[in-house]
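Thanks for coming, everyone. Please have a look at the model on the screen before I start.

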Amino acid sequence: MMKRITALLAGWVLAGVVFAASVSQPNIIWLMAEDMGLDLECYGMAGVKTPNLNRMAEEGAIFNRAFVSNPICSPSRSAMMVGAHQGSFNAHHHRSNRDIPLPAPYQPFTVFLRDAGYTCILGSDLVYNKGRKIDCNFKYTETGPYDGENKFGLFDKLDQFTAADQPFFNQIQHVVTHRGDWWNRVRKESSHPVSLNEIQLPPWIADTPETRYDWAAYLDTVEYMDNEVGQVLQKVKELGIATNTIVVFIGDNGRCNLRGKGYLQDTGTHIPMIVWGPGRIQPGTVVDDIVMTTDITATILKLAGAKMPDYLEGKPIFGVNNPHYREYARSARDIWDEIDECSRSITTKKFAYIKNHMPEVPWDAHQAYLDLNRPAIHVMRRLKAEGKLTGASLAYMADSKPEEELYDMEKDPNQLNNLAGNPEYAEVLENMRKLEKQYQAGHRDMGLEDLGKRVPEMTKAWAAQTEDGMKKRAPELWARLEAGELMETQGWKKYRDDFIAQQETKKKDKPKSEQK
């Protein structure tokens, strides 16, 4: 599909995106699909149909090299909300510092939008579960004023934009693509479920009926999300505000599967990005240069005529005369739940480099959240134990990681052949190391500062209670999960020892007249 769009609209392909035709402040809608890689029809994903996002790409701009600064939701979202790398303001560990205000001079970029006269809106009644997720690693509330000391509201209102709200900024999350108990239901209710015979699994996932079903169910949620995008665009048109509205679509990090979310390989940091704005964005634009999501933050402030603080790490990349693209993308991975990890990556157009500061932590770290929500990992462990894994899938299950990884993205887009130890690429490796050192010289990285001294807020003992409780109290359900079945696991906390103890305590504390 990507090739068809490019061929049909080759005459319109430009090095940059056309500047705004109007000097008025545009409405801006930022759509974020949760945990989704380049898994759209317009990016060439097999088996999935995404007509609304295809149309957005045809009528606007598609970015082929957009990256996040972290492959996990909350650090990535923190960076976008502030416009700077999460490691520079202590937001690098997942779900951390929720009671700690942002340090000066950092502020949420909605503060500057409001100062410029924008109504800032969170969520939408057009998407699953209202799409209100913020998930930043600093103190905030959904709505209300913000001063960074006693008031921490990020938005003005919830769920609906109207013509009277103009100019407005609306951040909407598409949660349906995130792992959840709704996946089986979405597939069951789809009038055209994705065919297991039309999908293509990546080479590091063993090809079995279970892994195919899980992959297809994920693509079903992508199609559901695409329909939500269509509804948002339709509302913009019905209100008659299309010519003064820009819609940005991205994934907040890589797909929720093996070597996706949580990993610094391309499938964890490389995201879809499409920008639509009639009269403001040249139809058929294809951008092959490197951009990052913090560039979107800077672009929004620029288009809004808002203050652009000095700490912004991004530059305007669409809707302006001279977009600023990057030589490389730099991403980081730190603590995720109970797993302490520290890796850094540099990605250029041709090469990808990963420095694993904790190589002893394997890719399969037996993380509780992943064990509950990624059926493929159980299939792969079983096949490994049976001696049936080979090639890329076996390499993924190694007991440790290499200290350095280097991949030629032109010859090896799946990143299967690590060239870090290849003498022919010694110069390339040294150049990539220099880029990482160059980044560190110009930016603070608190994740490297606290390396070896930090302790995950979530303990492994706490995280393991769900599995332990399931094996004691519902072993038949756990056996189905280990067999690779896509299960509805969110209610399984009721089997945890701590949950049962809490319920018993509540029961004892009730007056005798209320106890059964």
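First, the ground rules. This is a predicted model, where local features need pLDDT of at least 70, side-chain atom pairs count only at pLDDT 80 or more, and totals for chains, interfaces and linings use all residues. Residues are numbered from 1 along each chain as its sequence is written, and side-chain values use heavy atoms, with hydrogens and water left out.

Confidence next. pLDDT is the predictor's confidence in each residue, on a scale from 0 to 100. The chain average is 94. 95% of the residues score at least 70. Where pLDDT is low, the predicted coordinates should not be read in detail.

Now strand β7, residues 168-174. Helices (H or I, at least four residues) and strands (E, at least two) are DSSP runs, numbered from the N terminus. How many of the residues of β7 are buried? 7 of 7. Buried here is under 20% relative accessible area, exposed is over 50%, and partly exposed is in between, with a 1.4 Å probe and protein chains only. Phe168, Asn170, Ile172 and His174 point one way. Phe169, Gln171 and Gln173 point the other way. In a regular strand the side chains alternate between the two faces of the sheet.

What pairs with β7? Strands pair if DSSP finds at least two bridges between them. β1, residues 27-33, runs parallel to β7 over 6 bridges. Methionine 32 sits opposite glutamine 173 there. β3, residues 119-122, is also parallel to β7, with 4 bridges. In that pairing, isoleucine 121 faces asparagine 170.

Look at β12, residues 343-347. It joins β11 through 5 bridges. Alanine 332 partners arginine 344, and alanine 329 partners threonine 347. On the other pairing, β12 and β13 share 5 antiparallel bridges. Arginine 344 has lysine 355 as its bridge partner in β13. The two strands form a hairpin with 3 residues between them. Burial in β12 is 5 of 5 residues. Ser343, Ser345 and Thr347 point one way, Arg344 and Ile346 the other.

Last, the helix pair. The axes of α2 (51-59) and α6 (209-238) come within 7 Å and cross at roughly 55°. That makes them oblique: under 35 degrees counts as roughly parallel, over 145 as roughly antiparallel, 65 to 115 as roughly perpendicular, and the rest as oblique. From α2, the contact uses Pro51, Asn52, Leu53 and Met56. Residues from α6 include Met225, Val229 and Leu233.

That is the tour. Questions, please.

Notes: Axes fitted to C-alpha atoms, helices over the stretch in contact; angles between N-to-C directions. Contact = heavy atoms within 4.5 Å.
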